[in-house]
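Biologist: Walk me through this model, please. I would like to learn how to read each feature.

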Amino acid sequence: MRDAQNITELCKLPIQYIGFIFYEKSARFVGEDFNQQVTQSVPSRMNIGGVFVFADPQSVLSRG
């Protein structure tokens, strides 16, 4: 998920998980502008996941 409108609409559905791709070579990469404001808009009832490929731990933690 990378489009704010898509995320907003998705959050209205009765789902438990939403995921974001942080692998730059992926067509679904969230982009460099992704920030915590996006994840803060996700309801607390939903679990958030991230996909990282060969990322160092500091890079993963900085996306949190």
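**Reading the core**

Modeller: The largest nonpolar core has 11 residues: Ile7, Leu10, Cys11, Ile18, Phe20, Phe22, Phe29, Val30, Phe34, Val42 and Met46. A nonpolar core is a set of buried Ala, Val, Leu, Ile, Met, Phe, Trp, Tyr and Cys residues joined through side-chain atoms within 4.5 Å. Buried means under 20% relative accessible area (1.4 Å probe, protein chains only). Helix H1 (4–10) and strand E1 (17–21) are the elements that give two or more residues to this core.

Biologist: What should I know about the model itself?

Modeller: The model is predicted: local features need pLDDT of at least 70, side-chain atom pairs count only at pLDDT 80 or more, and totals for chains, interfaces and linings use all residues. Residues are numbered from 1 along each chain as its sequence is written, and side-chain values use heavy atoms, without hydrogens and water.

Biologist: Which residues does Met46 touch, not counting residues up to four places away in sequence?

Modeller: Contact means heavy atoms within 4.5 Å. Met46 touches Cys11, Ile15, Gln16, Tyr17 and Ile18.

Biologist: Which pattern does the protein chain follow along the sequence?

Modeller: Helices (H or I, at least four residues) and strands (E, at least two) are DSSP runs, numbered from the N terminus. Here the pattern is α-β-α-β-α.

Biologist: How much of the protein chain is buried?

Modeller: Buried residues make up 22% of the 64 residues.

Methods
Buried means under 20% relative accessible area, exposed over 50%, partly exposed in between (1.4 Å probe, protein chains only).
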